[in-house]
Amino acid sequence: MYSEKVMDHFSNPRNVGEVINPNAVGQVGNPKCGDIMQITMRIEQGIIQEVKFKTFGCGAAVATSSMATELVKGRTIEEALTLTNTAVAEALDGLPPQKLHCSVLAEEAVKAAISDYYTRQGLPPLPGASCDGCCAACNQESAL
């Protein structure tokens, strides 16, 4: 059902916890399944220097959070903004269709953190950077 990479990131998640004195915080949740993801970052000179996550949810939610942090750590903000849920799922060697919404939440949590960073810098936040549970992916009606 789950790939070896999903099981590895669930059993040995990377970047767990909270960045001390973050300058970017994003939290998203899915009211249908109850998953909640929080990503904290320290961004310096446009580069994500440190990123950590806290996730309340299933094993796939933990694995996608872990992988998302690995994919954006050390990247520029612009590179991190290109992260997609598909990239997260592919990096984990796939997810079952009923768990793809976890990769959507991971993408949204990264973008919500960057949006918060923009707000803290006096810039306009990213449009649509937080998940309000209204899309078909979160409602598990689509395989994306």
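Q: Which residues of H2 are buried in this predicted model?
A: The model is a predicted one. Burial here requires a relative accessible area under 20%.

Q: How many of the 14 residues of H2 are buried?
A: H2 is largely enclosed by the rest of the structure. Its buried residues pack against helix H1 (4–11), strand S2 (36–44), strand S3 (47–56), helix H3 (77–80), helix H4 (85–91) and helix H5 (100–120).

Q: Is Ser65 buried or exposed?
A: Ser65 lies in helix H2, which covers residues 59–72. Leaving aside residues up to four places away in sequence, Ser65 touches Met37, Phe53, Thr55 and Ala106. Because the limit for burial is under 20% and the relative accessible area of Ser65 is 1%, Ser65 is buried.

Q: How far apart are the end C-alpha atoms of H2?
A: At 1.5 Å a residue, the 14 residues of H2 should span 20 Å. The distance between the end C-alpha atoms agrees with this expectation, at 20 Å.

Q: Which residue of S3 is the bridge partner of Arg42?
A: Strands S2 and S3 run antiparallel and are joined by 9 bridges. Their hairpin has 2 residues between the strands, and Gln45 takes a positive phi near 50° there. In S3, Arg42 has as its bridge partner Glu50.

Methods:
Residues numbered from 1 in each chain as written. Predicted model: local features only at pLDDT ≥ 70, side-chain atom pairs only at ≥ 80, totals over all residues. Heavy atoms only, no water. Helix = DSSP H or I, 4+ residues; strand = E, 2+ residues; numbered from the N terminus. Buried < 20%, exposed > 50% of the residue type's maximum accessible area, 1.4 Å probe, protein only. Contact = heavy atoms within 4.5 Å. Expected span 1.5 Å × (residues − 1). Pairing = 2+ DSSP bridges.
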